[in-house]
Amino acid sequence: MEEALMGMDRIEHFYDLKSSDMAQGLVAGQQLGSRMPAPDCMALADYMYKRSEFGRAAEWYRLALSVLKKPQNRIEFQFNAPKREELENMFVKSRLQEGSVDNLSDYLKELSEDPETSLVPLRPRKSSTVIEQGCRGKFPPGPQLVCRYNSTSTPFVRIAPLKEEEISRDPLIWLYHDVIYDSEIAQLTNLTLEEMTLGITDNYTTPDRVSRLFHFKVTDDDGGKLDKTLVNRMADISGLDVGNTTSLARINYGLGGYFQEHSDYMDIKLHPELIEEGDRLMTFLFYITDVPVGGATVFPAAKLSIQPKKGSALFWYNLHNNGDPNPLTRHAVCPTIVGSRWVLVKSMLNYEQMFKKPCYK
Ligand SMILES: O=C(O)CCC(=O)C(=O)O
Ligand SMILES: [Fe+2]
């Protein structure tokens, strides 16, 4: 429950959704089939109140009230229904936490106003981050690069040309379409939660509490036969030595699951232990599910946003030709709104490529 609330909270905040739209199932321009009943609105309001997000909590208490006034058609919601007075109290308490007792009558008036009209913020709102803008589809259109059939980069693509889409030239990023079969994907997604580990990367909620975002499983290349096939495919597509030093990760993002901004390189200057194998030169990311709403991979500094498409793969260079990290490759994953987002990720190390990509060409 806590995780679901965290996900919903993150979705509202990240995509700057109007709470009344969200309660009615209107998210990021798409009308979903479900609406939030009063107990869910209240649970979200309580969650926000506990996190001292009083303005947003007040919106949700008022929404819970308005939903409560509508005829309830599901019997369990009638039993679970929050008390009207409790919601009114919590609304006023939330407003008072940010406002002043002198304005109490105004807050009481707000209580009976239409919840579609947003409340007047009593504290200045934080401006949005570049990642949030990217997730909201606000990046300007990218450069007009080329799409082509690549039949020259490796012997493999001579018989199976790649549908290659150039995404960016700095950093170097390509998107390959239809490079993993549905039959392979069907075998891959059958992992259970018990087999996976919780991804812990984020301290978005409170500085001292680390929140959970996604589940992942890491396999060595000698893992499943299929894993090996896919790793070989990465080699065939990239022409590089995919090697077996780095692992292949399968990652699942559920409701609101996201990955904060990070780089895949570690920076050899800060990690001298990388001196033998080198830093992570490239990253290969297979999208193995469609994500109907949300879940883009964004590169905030390069102002790029890529929507997952089942069967496609994103491939980029994390390092410059001289081996220095390219900070433009820092990236993040937007919260998933609808669907279960699955990807396969593997990085390749720099010095493993010495015969494939000599002299940093
Ligand atoms: O899921 C994605 O789009 C990217 C995952 C990622 O950045 C990583 O695993 O390092
Ligand atoms: Fe990454």
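The model I looked at is predicted.

**Entry 1: α6 and α7**

I looked up helix α6, residues 84-98, and helix α7, residues 104-111. They pack at an angle of about 135°, and their axes are 10 Å apart. The pair is therefore oblique. I noted the crossing of α6 and α7 as right-handed. From α6, the residues in contact are Glu-88, Phe-91, Val-92, Arg-95 and Leu-96. In α7 they meet Leu-104, Tyr-107, Leu-108, Glu-110 and Leu-111. Sorted by class, this contact has 7 nonpolar and 3 charged residues, and no polar ones.

**Entry 2: α4 and α6**

Next I turned to helix α4, residues 54-69, which packs against α6 at an angle of about 160°, with the axes 8 Å apart. That angle makes α4 roughly antiparallel to α6. I recorded a left-handed crossing for α4 and α6. The α4 side of the contact includes Phe-54, Tyr-61, Arg-62 and Leu-65. Among the α6 residues that α4 meets are Leu-87, Glu-88, Phe-91 and Arg-95. I sorted the contact of α4 with α6 into 10 nonpolar, 3 polar and 6 charged residues.

**Entry 3: the iron ion**

Which residues are the protein donors of the iron ion (ligand 2)? I found His-262 through NE2, Asp-264 through OD and His-331 through NE2. These donors lie 2.1 to 2.2 Å from the ion. I wrote their spacing in sequence as H-x1-D-x66-H. I also checked burial: His-262 and Asp-264 are buried.

Conventions: Residues are numbered from 1 along each chain as its sequence is written. Chains are lettered from A and ligands numbered from 1 in the order in which they are written. This is a predicted model: local features need pLDDT of at least 70, side-chain atom pairs count only at pLDDT 80 or more; totals for chains, interfaces and linings use all residues. Side-chain values use heavy atoms; hydrogens and water are left out. Axes are lines fitted to C-alpha atoms, for helices over the stretch in contact, and angles run from 0 to 180 degrees between N-to-C directions. Helices (H or I, at least four residues) and strands (E, at least two) are DSSP runs, numbered from the N terminus. Angles under 35 degrees count as roughly parallel, over 145 as roughly antiparallel, 65 to 115 as roughly perpendicular and the rest as oblique. A crossing is left-handed if the near helix is turned anticlockwise from the far one by less than a right angle, and right-handed if clockwise. Contact means heavy atoms within 4.5 Å. Ala, Val, Leu, Ile, Met, Phe, Trp, Tyr, Cys and Pro count as nonpolar, Asp, Glu, Lys and Arg as charged, and the others, Gly among them, as polar. Donors are N, O and S atoms within 2.8 Å of the metal (3.2 Å for Na, K and Ca); water is not among the atoms, so sites may look incomplete. Buried means under 20% relative accessible area, exposed over 50%, partly exposed in between (1.4 Å probe, protein chains only).
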